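Please look over the sequence and the structure shown here before reading on. The notes that follow are meant to be read alongside both.

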Amino acid sequence: MSKKDVYVYTPTVNIEKYEKLDSEERKDYLSLDKRMHRITEGFAYDVGKVLKDAQEKFRNQGRKDIFSFTDWLKSWGFAKSRAY
């Protein structure tokens, strides 16, 4: 597979596997990688922004005796270490 075929948004673990595919199949998978990258890139930014805003809200106005930032994170399925 040439460098031209490998995009920065293709997970490294997939590159070796893609080399075993014919060029048409590889092209299809690279297209999926490109789409996934666009979605996750925007998603990660948006989620990060919300987490930052929530952290600030809880720090400045939160009632830790009732509901903490960590409680809020857990309600959304985030571990504190993952959120940071």
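## Basis of the report

The structure is a predicted model, and every value quoted here was computed from it.

## The nonpolar core

The largest nonpolar core consists of seven residues, namely Leu51, Ala54, Phe58, Phe69, Trp72, Leu73 and Ala83. At least two of the residues in this core come from helix H2 (23-61), and at least two from helix H3 (69-75).

Leu51 belongs to this core, and, once its neighbours within four places in sequence are set aside, Leu51 contacts Phe69, Trp72, Leu73, Phe78 and Ala83.

## Aromatic pairs

The count of aromatic pairs comes to five. One of them is formed by Phe58 and Trp72, whose rings are tilted at 45° between the planes, with 6.3 Å from centre to centre. Because Phe58 lies in helix H2 and Trp72 in helix H3, this pair ties together parts that are 14 residues apart in sequence. Phe58 counts as buried because its relative accessibility of 15% falls under 20%, and Trp72, with a relative accessible area of 18%, is likewise buried because its value is under that cut-off.

The rings of Phe69 and Trp72 also pair, with their centres 6.3 Å apart and their planes at 15°, so this pair is stacked, the limit for stacking being under 30 degrees. Phe69 and Trp72 are both in helix H3, where three residues, or about one turn of the helix, separate them, and both are buried. Through ring pairs, Phe58, Phe67, Phe69 and Trp72 are linked into a cluster, and of these residues Phe58, Phe69 and Trp72 are also members of the largest nonpolar core.

What does the side chain of Thr10 join in a polar contact? The partner is the side chain of Asp33, and the polar contact has a length of 3.3 Å.

Conventions
Residues are numbered from 1 along each chain as its sequence is written. This is a predicted model: local features need pLDDT of at least 70, side-chain atom pairs count only at pLDDT 80 or more; totals for chains, interfaces and linings use all residues. Side-chain values use heavy atoms; hydrogens and water are left out. A nonpolar core is a set of buried Ala, Val, Leu, Ile, Met, Phe, Trp, Tyr and Cys residues joined through side-chain atoms within 4.5 Å. Buried means under 20% relative accessible area, exposed over 50%, partly exposed in between (1.4 Å probe, protein chains only). Helices (H or I, at least four residues) and strands (E, at least two) are DSSP runs, numbered from the N terminus. Contact means heavy atoms within 4.5 Å. A polar contact is a pair of N or O atoms within 3.5 Å; within protein, one must be able to donate a hydrogen and the other to accept it, and residues adjacent in sequence count only if both atoms are side-chain atoms. Rings of Phe, Tyr and Trp (its six-membered ring) pair if their centres lie within 6.5 Å; planes under 30 degrees apart count as stacked, over 60 as edge-to-face and the rest as tilted.
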